[in-house]
Amino acid sequence: MKSGAYPRLPLDRRVGLAVLLARNRQTDLARDQTRACIDQLNENELRSLSTGSLYRLLVLIRGFGLRIEQPPMLDLARNLLPQDLRGRF
């Protein structure tokens, strides 16, 4: 992973990996995985995530000061969250 060449992982697994790395204080690797998640985003990928994975992804993005540059993807991600979680973003 340190080489920067990441295998193609399903988005939910990549989110899980980023969470695991963040919990284990591997901040640089977690940030890189979070960026890879953002790069992989499309409507189908977002819709495939569980509510928990989507929420964790958005928490990681916010925590690392990253952004989803595509406004439609950001809007979709927020709208896929339940109402009570939407207000946190």
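Count up the salt bridges here (a side-chain nitrogen of Lys or Arg within 4 Å of a carboxyl oxygen of Asp or Glu) and you get 4. This is a predicted model, where local features need pLDDT of at least 70, side-chain atom pairs count only at pLDDT 80 or more, and totals for chains, interfaces and linings use all residues. Residues are numbered from 1 along each chain as its sequence is written, and side-chain values use heavy atoms, with hydrogens and water left out.

**View 1. Arg35 and Asp32 pair up in helix α2.** The closest N and O atoms of this salt bridge sit 3.4 Å apart. Because Arg35 and Asp32 are 3 residues apart in helix α2, about one helical turn separates them. Helices here are DSSP runs (H or I, at least four residues), strands are E runs of at least two, and both are numbered from the N terminus. Arg35 is partly exposed at 38% relative accessibility, and Asp32 is partly exposed too, at 28%. For these labels, buried means under 20% relative accessible area, exposed means over 50%, and partly exposed is in between (1.4 Å probe, protein chains only).

**View 2. Arg47 meets Glu43 in helix α3.** Here the salt bridge has its closest N and O atoms 3.0 Å apart. Both residues belong to α3 (residues 43–48), and they are 4 residues apart, about one turn of the helix. Arg47 has a relative accessible area of 48%, so it counts as partly exposed; Glu43, at 39%, is also partly exposed.

**View 3. Glu69 reaches Arg67.** This salt bridge brings N and O atoms to 3.5 Å at their closest. Glu69 is exposed, with 57% relative accessibility, and Arg67 is exposed with a relative accessible area of 57%.

**View 4. Arg14 is buried without a salt bridge.** Look in helix α1 (residues 11–23) for Arg14. The nearest side chain of opposite charge belongs to Glu45, 8.5 Å away; for charge, Lys and Arg count as positive and Asp and Glu as negative, while His and the chain ends are not counted. What Arg14 does have is a polar contact of 3.0 Å between its side chain and that of Gln40. A polar contact is a pair of N or O atoms within 3.5 Å; within protein, one must be able to donate a hydrogen and the other to accept it, and residues adjacent in sequence count only if both atoms are side-chain atoms.

**View 5. Leu11 is tucked away in helix α1, too.** Leu11 belongs to α1 and counts as buried, at 1% relative accessibility. Its C-alpha atom is 11 Å from that of Ser50, 39 residues apart along the chain.

**View 6. Arg25 has a positive phi.** Its phi is near 60°. Most residues other than glycine have a negative phi. Arg25 is in the loop between α1 and α2 (27–40) and is exposed at 71% relative accessibility.

**View 7. The largest pocket holds about 190 Å³ of space.** Its lining includes Leu58, Ile61, Arg62, Leu66 and Phe89. By type, the lining residues come to 6 nonpolar, no polar and 3 charged. On a 1 Å grid over the protein atoms alone, a cavity is a set of points where a 1.4 Å probe fits but cannot get out, whereas a pocket is an open set with protein on both sides within 12 Å along at least five of seven lines; lining residues have an atom within 4 Å of a point. Grid points are joined across faces, edges and corners, and the volume is the space filled by probe spheres set on the points. Ala, Val, Leu, Ile, Met, Phe, Trp, Tyr, Cys and Pro count as nonpolar, Asp, Glu, Lys and Arg as charged, and the others, Gly among them, as polar.
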